[in-house]
Amino acid sequence: MPNYIIATSSTSDLTRDYLEKHSIPFISYSYTIGDKLYEDDCREESRAAVYQGMRNNGDLLKTSMINEYIYCDFFDSLLDTGKDVIFLDMSKKMSVSYEKALLGAQMAREKHPDRKIYVMDTLCISGGLGLLVESMVARMEEGMDYDEVIAWGEAHKLKIAHRFTVDDLNYLKRGGRISGAAALVGSLLSVKPVLYVPDGGTLDVAKKVRGRKAALAEILRGIKDDLKEVDTKGLTMHILNADCLADAEHVRDEVRAAFPDMGEITISNLGVVIGAHCGPGLLTVFYFCNGRKP
């Protein structure tokens, strides 16, 4: 048994089944729909229900920040086991969560001065974060020690590609990422942004195209470009979707046709926190490559 724990947050967008199978503790973000508060429980059925509500009922979600005291309590519970902790949450450029986690970790260290906590700035979000967690957990389970797993994660986190497209610009407008005028014009012209996460851990627009079909084609072009000089045999890819399963299956099938020796290509529901800000129709793809590029 390892003498340390790898923990994460619900924003890693891993499935509840995976988290429980590998005994990965996670801290949950919360969200509200109307005046009702929910916990992000990482269950596929909860995620599906959220997107159905957004699409069919016009539900608007508000997400809540986790403060340092909640992080401290979470870390306390892990350190009480007598093990050290590695904690992975989304890129600090995307959320204040990283800074709050650092504060919580310092408070917990004061109660457990003989234990170690490492809070990594993953420079990843959503399923990219999940892929990093999975990869580090696999190495922990293979016998890597605490410092070796941290070193591996730091060396490989920028090799995780993140590619996204959104379907409704109004969600980006509500989140302040584009102006109301840009959302209106974009919607009228059926503009679909294709986004990626660069080395800095932000969420940037790589290209704007006309129509959903063109957006999916651009994601596939980026994937093929990323992987053209990569040994794809056994390579894992995660595709997450917010109520757009047919598009996710299309991307999976096209990738499989282009790289028939590829390993597992999973499809699952996108986590609620990212989805709340981008809306139904968000499709995301994550995989290891030689380095991030638009």
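Let's start with a pair of charges: Asp225 and Lys228 form a salt bridge, with their closest N and O atoms 2.9 Å apart. Asp225 is partly exposed because its relative accessibility is 21%, and Lys228 counts as exposed at 57%. Please keep in mind that this model is predicted.

The structure holds 16 salt bridges in total. Here are three of them.

| Salt bridge | Closest N and O atoms |
|---|---|
| Asp225 and Lys228 | 2.9 Å |
| Lys157 and Glu154 | 2.6 Å |
| Asp114 and Arg115 | 3.9 Å |

Lys157 is buried, with a relative accessible area of 8%, whereas Glu154 is partly exposed at 30%. Asp114 is exposed, at 58% relative accessibility, while Arg115 is partly exposed at 23%. Asp114 and Arg115 also belong to a salt-bridge network that includes Asp84.

Next comes helix 9, which runs over residues 212-227. Its 16 residues should span 22 Å at 1.5 Å a residue, and the 23 Å between its end C-alpha atoms agrees with that. Among the buried residues of helix 9 are Leu216, Ile219, Leu220 and Ile223. The cover over the buried residues of this helix includes strand 8 (160-165), strand 10 (204-210) and helix 10 (245-258).

Finally, have a look at an open sheet of 3 strands, in the order 4-3-5 with antiparallel pairing. Strand 4 (36-39) and strand 5 (61-64) are the edge strands, each pairing on one side only. On average, neighbouring strands of this sheet are turned by 30° against each other, direction ignored. Strand 3 (residues 30-33) pairs with strand 5 over 4 bridges, and Ile33 has Leu61 in strand 5 as its bridge partner.

Note on methods:
Residues numbered from 1 in each chain as written. Predicted model: local features only at pLDDT ≥ 70, side-chain atom pairs only at ≥ 80, totals over all residues. Heavy atoms only, no water. Helix = DSSP H or I, 4+ residues; strand = E, 2+ residues; numbered from the N terminus. Expected span 1.5 Å × (residues − 1). Buried < 20%, exposed > 50% of the residue type's maximum accessible area, 1.4 Å probe, protein only. Contact = heavy atoms within 4.5 Å. Pairing = 2+ DSSP bridges. Axes fitted to C-alpha atoms, helices over the stretch in contact; angles between N-to-C directions. Salt bridge = Lys/Arg side-chain N within 4 Å of Asp/Glu carboxyl O.
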